[in-house]
Amino acid sequence: MSGWRAIPLLSRCLAGAFGFLLLTAPALAAPPATAHPAGTVAGLPEDKALALGERMYRQGLLPSGEPMPSVVNNDVPVAGTAFSCSSCHLRAGLGSWEGGIVTLPTNGARLAIPRYWKFPNLSPEERRELKLQNPAARPAYTDETLAHLLRTGRDPSGYDMHSVMPRYHLSDPDMAILIHYLRNLSARHSPGVVGDTLRFATVIAPGVSEDDQQAMLVPLNNYVARHNQFSAGFGNRMYLGVGGNEMSGAYRKLSLSVWRLTGAPETWEAQLDAFLAKEPAFALLGGLAPGDWKPIHAFCERAQLPCLFPITDLPVVSDTDWYTQYFSKGYYQEGQAAARYLHGLEDPKPARKVLQIIENSLEGKALAQGFRDTWAELGQAAMPEILLPEGKPLALATLADLLAREKPSTVLLWTGASAFPALTALTRGATGAFMSARLLGSQLTSLPELVRTQVWITYPYRDPKLEPKYSLYADTLLGGLMQRHPETRISTRTYALIQILRQALMDMDRHFYRDNLLDRIGMQRDQILPDYLRLSFGPGQRYASKGCFIMQVGPGPSPVLLRKSEWVIH
Amino acid sequence: MRRNPWATLLTTASLWLSGSGFLAAQAPPPYTRTLETYTVPDVVLVNQDGAKVKLKALLDSGEPVILDFIFGTCTTICPVLSAGYANLQTKLPAGPSKVHLISVSIDPENDTPKVMRDYLKRYRAKPGWDFFTGRREDIDKVMNAFNAYIPNKMSHYPLTLIRDPKTGQWIRIFGMMSSSEFVAECRKAGVL
C-alpha cells in the first residue's frame with residue numbers, strides 16, 4: 001500500500017478535528033458558479049437538460065435512456081447501469097477517499113477553479129492573500145477541457161487520471177448536458193449557511209412530554225454552546241502557516257432552532273414549510289414525535305433537507321429515499337429479526353407455520369410488516385395474520401381459540417403487556433412465541449414466569465449487562481442539568497447523534513452542501529456508541545443499526561435477559 | 001467531551017511537522033503479484049440466494065477459483081473490481097463455466113442476500129459468480145486467513161486472489177488489472 005499514494009487527508013482532518021477551537025474566520029463568499037448563458041443546452045431548455053444530466057450522473061443513463069458506455073482500467077468496458085459518476089464521486093460530487101484511492105471532487109465550484117495538490121481547499125482569494133506561490137496542478141476547466149478530460153482522462157495540464165476514472169465516449173450533445181449538470185452540482189452553498197453560522201433545527205411534534213424534550217434539547221444545546229465557546233479566544237495565530245488558514249476556513253459557529261409543531265399530522269408539512277421559509281436550516285438534528293415519523297420524512301424528501309437521526313422507532317422504511325438518516329428501522333427491524341431468526345434455525349419445525357397476532361397500532365403493524373416483508377424476501381410463503389380489534393387486549397380465550405384453530409408452530413405476539421394474562425394459553429402446548437422488547441417496554445421483566453422459556457424476545461439494543469459503560473458517556477452532555485432516563489434512550493441517542501455529527505462536520509470541511517453532509521456520514525467508519533451494538537454507514541445506507549438479538553427473560557422477580565442468538569443480521 | 005486545547009495543539013503541531021499529507025498525483029500503479037499459501041477457515045457463509053456455503057470445502061475442492069473482497073455500497077474500488085469480474089465472465093468459453101468467481105462481503109451488516117442479488121444484477125453477473133456474506137466473526141476469519149484483514153471497511157484495498165488448481169497455491173494480486181492483464185493472469189494460473 002505504501003508509496004502508492006500519499007495520504008491526502010491530513011489537512012482536512014485537522015481542519016475538522018480542531019476547527020471547533022478556532023476563532024471564527026471571516027465569512028467566505030459562496031464559491032462562484034459559472035454563469036451559464038441563459039437559453040438552451042444541446043437544444044433543450046436548461047431545466048430539462050439539468051434533469052437529464054442528473055440522471056446521467058446518478059443512474060448512468062444517457063438522455064436516450066440507454067446505459068452510458070465507458071471504459072475503465074484501460075480496456076474494461078462498463079455500462080453506466082453497473083456504476084455511475086455518483087458511485088465514486090458521491091451525490092454532492094465532493095468525491096471520496098477509500099483504500100488509498102482518492103476520487104477527486106467534480107462539483108461545479110471546484111471545476112471552476114484551479115486544482116492544487118497542496119492545500120486544495122483554499123479559495124483563490126485566500127491564496128492571493130497568503131501570497132502562495134505553488135503552481136496549480138491544473139487550471140480551471142473550460143467546457144472544452146472538461147469534455148476532453150471525460151473522454152480521454154487527460155486534464156488540461158497533461159496529467160493522465162488514474163485508470164479507475166472511467167473514460168466516457170459521449171456525443172457532443174450528451175457531453176454538453178452532463179457538463180451543464182456538473183457546472184451546477186454543488187456550485188453554491190446550501191441554504192442554512194448564514195454568515196459565519198451553520199444553522200440547524202430540531203422538530204418536536206405535539207404530545208412529547210417535557211422530560212423527553214429536555215432529554216434531547218439539553219445535550220443538543222450543550223453541544224452547540226460548547227462548540228461555539230471553544231472558538232472564542234483562539235485565533236488563527238495558533239495555527240501557524242497556510243494549513244491553519246485552510247483549517248479555519250472550514251470553521252462555522254452552530255445554531256439550533258426548535259420547530260414545535262401543533263395540531264394534526266396532516267398539517268405538519270405546511271407548518272414545516274413555514275419554519276423553513278422563515279429561518280432556513282442546513283439540516284435537522286434529532287427530533288421527537290410520539291407516532292409516525294412519516295410526515296416529517298416526507299417533508300424532508302420534498303424540501304431536500306437532511307434530517308439526522310430523528311429519535312423515533314417508527315421511521316419510513318425505504319431503499320431509495322435519501323434525506324433522513326435513521327438509527328434503525330425501529331419496530332419494523334424487530335419483526336425482520338424474528339423472520340431471519342426463524343428462517344435460520346437448524347430445526348425447521350418452528351418455522352413451519354407462523355401466526356402473527358397483531359395489536360391494532362402503528363407499532364404492531366410495523367412489527368408485522370417487518371416480518372412479512374422479510375419472510376417473503378427469504379423466499380417463504382405468506383403466513384396467516386390476525387389483526388386484533390383496536391383498544392381491546394388479547395383475551396385468554398381468544399388466544400386459546402386461535403392456537404387450537406390455526407395450530408401454528410410459532411406465534412408472533414405483537415402486543416403490549418396487556419396480553420400477559422392470555423399467555424397461559426401457550427402452556428397448554430409447546431407453541432413458542434415472539435414478543436417485542438420495545439413494545440413491552442418496562443413491563444418486559446414482568447413476563448409471567450410460567451411462559452418465560454416459551455417466549456422469545458426481539459431485542460434491538462446491546463446486551464443490557466454491557467450497556468451501562470457505553471451509556472455513561474451520554475451524561476457528559478447532560479452537564480448535571482438533568483438525570484438521564486435510561487429507559488427512554490433519548491439522551492443516549494442524542495449523544496450518539498452528536499458524535500456522528502461532529503465527525504461529519506469535520507469531514508464536510510468547508511463544502512457546505514446538504515448532500516455532502518449525508519455523503520460524509522455515508523463514508524464514516526463503523527461506530528460503537530450507546531444503545532445499539534454497532535452503527536454502520538455507507539453511501540445511501542440510511543439505517544445505521546442493522547441487527548437485533550433474540551433474548552429470553554430469566555427466572556425470578558428481577559430477572560436478567562438471557563441472550564439466545566448472535567446479532568441477527570441475515 | 002471536554003478536551004484540553006493545548007494537548008490538541010501539540011498533536012496538531014506534531015502532525016504538522018511530520019508533514020507530507022498532501023495530495024499528489026496518483027500514477028496508475030502497476031499491480032503487484034505474489035504467490036501465497038493460505039489455510040482456508042472452516043466457516044459457513046451465506047450466498048446471494050440465502051443458501052449456506054461451506055467455504056473450506058468449496059475452496060479446497062480443486063475447482064478453479066478467483067476471490068475478492070467487496071461490499072454493496074463501496075465507492076471506486078469495488079465497482080472497478082466487479083467490472084473486472086463481469087468482463088472476465090464475457091471472455092470465458094461458452095458452456096458451463098469452469099472458473100468460479102467469488103466475492104466476499106466485508107460489510108456483512110448491510111450485505112444481505114437481497115442486497116447481494118441486486119448488486120450482481122447490476123453487473124449483469126452470470127452463473128458462476130457468487131457473493132457471500134456471513135457472521136462478522138466468520139468474515140473476519142476469512143479476511144485474516146487471506147492476510148486481508150480490514151478493520152474499517154472504508155480503508156479497504158483492491159485485492160484479487162486466484163487459486164492455482166494444480167498446486168493449491170494462491171496468486172495474490174494487489175492493485176487493479178486491465179482486462180487483458182486479468183485474462184493473462186488467469187491463463188498463467190491455469191484457471192482459463
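**Exercise 1. Determine how many helices and strands chain B has and in which order they run.**

Solution. Step 1: chain B of this predicted model has 6 helices and 8 strands, where helices (H or I, at least four residues) and strands (E, at least two) are DSSP runs numbered from the N terminus. Step 2: read from the N terminus, the elements follow the order α-β-β-β-α-β-α-β-α-β-α-β-β-α. Step 3: of the 192 residues of chain B, 57% count as buried; buried means under 20% relative accessible area, exposed over 50%, and partly exposed in between (1.4 Å probe, protein chains only).

Conventions. Residues are numbered from 1 along each chain as its sequence is written, and chains are lettered from A and ligands numbered from 1 in the order in which they are written. In this predicted model, local features need pLDDT of at least 70, side-chain atom pairs count only at pLDDT 80 or more, and totals for chains, interfaces and linings use all residues, while side-chain values use heavy atoms, leaving out hydrogens and water.

**Exercise 2. Explain which parts of chain A the salt bridge between Arg438(A) and Asp313(A) ties together.**

Solution. Step 1: the closest N and O atoms of Arg438(A) and Asp313(A) are 3.2 Å apart, and a salt bridge requires a side-chain nitrogen of Lys or Arg within 4 Å of a carboxyl oxygen of Asp or Glu. Step 2: Arg438(A) belongs to helix H15 (residues 437-440) of chain A and Asp313(A) to the loop between strands E12 (307-308) and E13 (324-325), so the pair ties together parts that are 125 residues apart in sequence. Step 3: Arg438(A) is buried at a relative accessible area of 10%, and Asp313(A) is buried at 16%.

**Exercise 3. State where Glu185(B) and Lys188(B) lie and whether each is buried or exposed.**

Solution. Step 1: both residues lie in helix H6 (residues 179-189) of chain B, 3 residues apart, about one turn of the helix. Step 3: Glu185(B) is buried at 2% relative accessibility, but Lys188(B) is exposed at 57%.
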